[in-house]
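Q: I have a protein model to look at for class. Could you take me through it?

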Amino acid sequence: MYSTIQPFNVIQAVLQQEIILYCGRLIATNPDMFKGILKIRVGCVMEAMTLQLNYGKKKQLMVENLSPYAIRKLLQKIFTVKEWGQIEQ
């Protein structure tokens with residue numbers, strides 16, 4: 001991962017590593033959350049995190065500027081899509 005990403009963007013390489021570690025931790029603690037998921041594409045997950053973070057906001061926020069705890073919570077929110085409908089109702 002570092003050989004392909006790091007020469008272009010060191011911050012993205014570290015962020016993707018964090019996301020992979022957090023996904024592994026979520027899979028270990030909440031395997032039902034990943035039921036039916038065969039592959040996790042980190043780039044798509046990062047895009048979903050960016051979209052969720054900036055949903056309905058005028059000022060564009062960047063995932064790279066979040067704390068590790070906020071990244072972990074945002075990632076957990078992305079993978080609990082089924083609960084979004086329940087919360088909104």
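A: The answers below concern the structure shown above. This is a predicted model, in which local features need pLDDT of at least 70 and side-chain atom pairs count only at pLDDT 80 or more, while totals for chains, interfaces and linings use all residues. Residues are numbered from 1 along each chain as its sequence is written, and side-chain values use heavy atoms, with hydrogens and water left out.

Q: How many helices and strands are there in the protein chain?
A: The protein chain has five helices and zero strands. Read from the N terminus, the order of elements is α-α-α-α-α. Helices (H or I, at least four residues) and strands (E, at least two) are DSSP runs, numbered from the N terminus.

Q: What share of the residues is buried?
A: Of the 89 residues in the protein chain, 27% are buried. Buried means under 20% relative accessible area, exposed means over 50%, and partly exposed lies in between (1.4 Å probe, protein chains only).

Q: Which residues have the most contacts inside the largest nonpolar core?
A: They are Ile19, Met49, Leu75 and Phe79, in a core of 18 residues. Two or more residues of this core come from each of α2, α3 (42-53) and α4 (68-79). A nonpolar core is a set of buried Ala, Val, Leu, Ile, Met, Phe, Trp, Tyr and Cys residues joined through side-chain atoms within 4.5 Å.

Q: What is Leu75 in contact with?
A: Leaving aside neighbours within four places in sequence, Leu75 is in contact with Ile19, Tyr22, Cys23, Leu26, Val45 and Met49. Contact means heavy atoms within 4.5 Å.

Q: And Met46, is that buried or exposed?
A: Met46, in helix α3, counts as buried because its relative accessible area is 10%. With neighbours within four places in sequence set aside, its contacts are Gln12, Leu15, Gln16 and Ile19.

Q: How far apart are Met46 and Gln12?
A: They are 34 residues apart in sequence and 9.7 Å apart in space, C-alpha to C-alpha.

Q: Where does Gln12 lie, then?
A: Gln12 lies in helix α2. Its relative accessibility is 17%, so Gln12 counts as buried. The side chain of Gln12 also makes a polar contact with the side chain of Glu64 (2.2 Å). A polar contact is a pair of N or O atoms within 3.5 Å; within protein, one must be able to donate a hydrogen and the other to accept it, and residues adjacent in sequence count only if both atoms are side-chain atoms.

Q: Changing topic: where is Asn54 found?
A: Asn54 is found in the loop between α3 and α4. Asn54 is buried, since its relative accessible area is 10%. Its side chain makes a polar contact with the side chain of Gln60 (3.2 Å). Not counting residues up to four places away in sequence, Asn54 touches Lys59, Gln60 and Leu61.
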